[in-house]
Amino acid sequence: MACSTATLPSAFTQFQSLPPRHVFIPKLRIRIASVSKQRRFNCKRVEVKAVSTDLQNGVISGEVNETGSSELKKDRQTNQSSSKLVLVVGGSGGVGQLVVASLLQRNIKSRLILRNPERATALFGDQDKETLQVVKADTRKQEDLDPSIFEGVTHVICTSGTTAFPSKRWEDDNTPERVDWVGVKNLVSALPSSVKRVVLVSSIGVTKYNELPWSIMNLFGVLKYKKMGEDFLQNSGIPFTIIRPGRLTDGPYTSYDLNTLLKATAGQRRAVLIGQGDKLVGEASRIVVAEACIQALGLQVTENQVYEVSSVEGEGPGNEAQKWEELFQAAQDC
């Protein structure tokens with residue numbers, strides 16, 4: 001299997017609300033290189049360069065084209081966002097908090113399942129309860145998952161996890177078996193059939209946990225239990241997307257507030273590699289992983305698919321849905 005890479009304009013953390021009915025699109029110069037064989041991957045590399053694009057006063061300046069079709073697309077995306085209610089599990093963790101921050105930035109309604117709801121206020125401040133709802137529950141305890149928690153939920157992003165090796169985070173039975181297997185199984189079992197998509201964050205290497213070097217990471221079962229959680233979701237009949245990131249970098253920002261989260265960047269590693277078949281290796285920015293989860297929610301191409309994600313130096317797709325769709329599709333086509 002192979003992967004796709006993109007070098008694209010990025011603005012993950014600089015999302016600004018544009019005036020209604022006015023969509024500014026930077027003039028782009030696109031060069032698509034031919035497919036080349038490499039030792040590790042067979043990849044398509046897509047490089048997109050923007051001409052004179054600067055963020056000033058919330059709009060993109062430079063050479064721009066304004067089109068009616070773009071306005072209609074923007075309206076459609078806005079309507080889709082307003083109709084979503086995204087349940088986030090693991091929203092106080094390294095990837096989860098970035099997911100929540102980005103949903104808030106997009107004005108997408110969210111509902112968080114947290115063991116300690118006070119963490120939500122510390123991380124995200126006082127939010128309108130229509131925009132951010134917080135429910136006290138523990139996915140490791142089936143009795144906590146009352147049906148009322150899932151009323152109106154259209155999509156789910158699950159980023160819950162724990163450390164691969166014994167640590168303080170294992171206290172109170174917070175082990176890989178309880179979090180990555182029991183917790184995921186309880187969550188999926190409790191979801192109504194009306195849920196349109198579940199995005200689950202897992203890990204690269206889950207299909208090879210008996211092979212070196214993955215067997216070292218799996219000494220206490222973390223990869224095995226993540227794979228069990230994946231399998232249960234795939235067999236549930238609920239539409240899913242599974243994101244398997246490489247070793248996580250950038251953050252975690254678990255002690256930061258919302259304003260700081262929104263200013264977080266992926267450093268120099270903004271270009272995205274997406275593969276299938278558990279062949280991809282490397283590191284993945286938590287910011288890139290969070291954006292991949294949000295993009296996967298609304299893309300038809302990602303339904304019932306499993307992807308490995310890593311990030312490398314270079315410009316990335318940012319929050320441009322079309323570019324993410326091209327990346328996900330190219331991974332399937334390779």
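**Exercise 1. Classify Asp231 by its relative accessibility and describe its salt bridge.**

Step 1. Asp231 has 29% relative accessibility, so the residue counts as partly exposed; buried means under 20% relative accessible area, exposed over 50%, and partly exposed in between, with a 1.4 Å probe and protein chains only.

Step 2. The model is predicted: local features need pLDDT of at least 70, side-chain atom pairs count only at pLDDT 80 or more, and totals for chains, interfaces and linings use all residues. Residues are numbered from 1 along each chain as its sequence is written, and side-chain values use heavy atoms, with hydrogens and water left out.

Step 3. The side chain of Asp231 meets that of Lys227 in a salt bridge, 2.6 Å from N to O. The term requires a side-chain nitrogen of Lys or Arg within 4 Å of a carboxyl oxygen of Asp or Glu.

Step 4. Both residues belong to helix 6 and stand four residues apart, about one turn of the helix. Helices (H or I, at least four residues) and strands (E, at least two) are DSSP runs, numbered from the N terminus.

**Exercise 2. Determine which parts of the chain the salt bridge of Glu283 and Arg247 links.**

Step 1. The side chains of Glu283 and Arg247 form a salt bridge of 2.2 Å, N to O.

Step 2. This pair links distant parts of the chain, 36 residues apart: Glu283 is in strand 17 (residues 283-285) and Arg247 in strand 15.

Step 3. Glu283 counts as partly exposed because its relative accessibility is 23%. Arg247, with a relative accessible area of 53%, is exposed.

**Exercise 3. Describe the salt bridge between Asp138 and Arg140 and the network that includes the pair.**

Step 1. The closest N and O atoms of Asp138 and Arg140 are 2.7 Å apart, and both residues are buried.

Step 2. Salt bridges link Arg115, Asp138, Arg140 and Asp172 in a network.

Step 3. The whole structure holds 12 salt bridges.

**Exercise 4. Describe the lining of the largest cavity.**

Step 1. On a 1 Å grid over the protein atoms alone, a cavity is a set of points where a 1.4 Å probe fits but cannot get out, and lining residues have an atom within 4 Å of a point.

Step 2. The search of the whole structure finds three cavities of 30 Å³ or more, and the largest cavity holds about 70 Å³ of space.

Step 3. Its lining includes Cys158, Ser160, Asp180 and Lys226. Helix 4 (176-190), strand 13 (197-201) and helix 6 each give two or more residues to this lining.

Conventions: 1 Å grid on protein atoms, 1.4 Å probe; cavity = no way out; pocket = protein on both sides within 12 Å on 5 of 7 lines; lining within 4 Å. Points joined across faces, edges and corners; volume = space filled by probe spheres on them.
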